[in-house]
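Please open the model in a viewer and keep the selection panel at hand.

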Amino acid sequence: MKIALAINLSMFFVEGVAGWFANSTSLMADALDMMGDATVYGMSLYVLSKTSRQQAQASLLKALFMMGFGLFVLSDAIYKTAVDSMPDAATMGIVGTLALVSNLICFILLYTHRQDDINMRSTWLCSRNDLIANVSVIIAAGLSYYLASKWPDILIGLVIALLFLRSAMQIATEAREIIKHPPKQASPVLVPIKIRK
């Protein structure tokens, strides 16, 4: 997971700068997703040895992060509909492809742990959403170039935002259920200790 953390943190800066200069809603959404995932991975590493309740509390906080990013992208997309702006399709395509390769590596690293617990499940869901978002950015780049329009970028940004919000609600629901009804922890096994006289 440390590798996934490093990859996402690096790609946040790459996509963030590229998205800003390319004037791309979908690329900025993907950059924010990278930052969110870097936060998620960091928190996931922190709670690995914690109880199920503590893991669920961390997952609930992750969900709040995802909701925040989703709402930010929604507001940016709405703003872009009212202004005359055209994204740089070439930059979107190149950076989107780089992000796709990066997230594919993270997805493979996390796949076998997706059912371990609520913490790892929420982490894997973030990774899965990244792949969908990356492909969407590449599609938006192609359509923006072909149609010479800002609308594919805006619409893809909206789709990514809705995906954020849906996943966040799913994670929050599962986490709240575990917080309310935490699974019973296994009783520690007492090993007799021989005392030498």
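A salt bridge is a side-chain nitrogen of Lys or Arg within 4 Å of a carboxyl oxygen of Asp or Glu. In this predicted model, a search of the whole structure by that criterion returns one salt bridge.

**First stop: the salt bridge**

Select Asp 76 and Lys 80, whose side chains meet in this salt bridge at 3.5 Å, N to O. Side chains of opposite charge can pair when their charged atoms come close. Both residues belong to helix α3, and because they are four residues apart there, about one helical turn separates them. Are Asp 76 and Lys 80 buried or exposed? Asp 76 is buried, and Lys 80 is buried as well.

**Second stop: the whole chain**

Six helices and zero strands are present, and the order of elements from the N terminus is α-α-α-α-α-α. The chain has 197 residues, of which 47% count as buried.

Rolling a probe the size of a water molecule over the atoms shows where empty space is left. With the threshold set at 30 Å³ or more, the count is one cavity. The volume of the largest cavity is about 70 Å³. To see its lining, select Asp 33, Gly 36, Asp 37, Val 40, Lys 62, Phe 65, Met 66, Phe 69, Cys 126, Asn 129 and Phe 164. Which elements give two or more residues to this lining? They are α2 (25–46), α3 (52–82) and α5 (118–147). Colouring the selection by class shows six nonpolar, two polar and three charged residues in the lining.

Next, select Val 135, Ile 139, Leu 143, Tyr 145, Tyr 146 and Leu 147, which make a nonpolar surface patch of about 690 Å². Within this group, focus on Leu 143, a residue of helix α5. Its relative accessible area is 38%, so Leu 143 counts as partly exposed.

Now select Ala 141, which is also found in helix α5. Is Ala 141 buried or exposed? Ala 141 is buried, because its relative accessible area is 4% and buried means under 20%.

Most residues other than glycine have a negative phi, and most peptide bonds are trans. The last two selections concern residues with a positive phi.

Select Asn 23, in the loop between α1 (2–22) and α2. Although Asn 23 is not a glycine, its phi is positive, at about 55°. With a relative accessible area of 28%, Asn 23 is partly exposed.

Finally, move to the loop between α5 and α6 (151–180) and select Ala 148. What is the phi of Ala 148? The value is about 50°, a positive phi in a residue that is not a glycine. Ala 148 has a relative accessibility of 60% and therefore counts as exposed, the cut-off for that class being over 50%.

Key:
Residues numbered from 1 in each chain as written. Predicted model: local features only at pLDDT ≥ 70, side-chain atom pairs only at ≥ 80, totals over all residues. Heavy atoms only, no water. 1 Å grid on protein atoms, 1.4 Å probe; cavity = no way out; pocket = protein on both sides within 12 Å on 5 of 7 lines; lining within 4 Å. Points joined across faces, edges and corners; volume = space filled by probe spheres on them. Nonpolar A, V, L, I, M, F, W, Y, C, P; charged D, E, K, R; others polar. Patch = residues over 30% accessible without salt bridge, like charges linked within 9 Å, V, L, I, M, F, W, Y side chains within 5 Å. Areas by Shrake-Rupley, 256 points an atom, 1.4 Å probe, with all protein chains shown as cover. Buried < 20%, exposed > 50% of the residue type's maximum accessible area, 1.4 Å probe, protein only.
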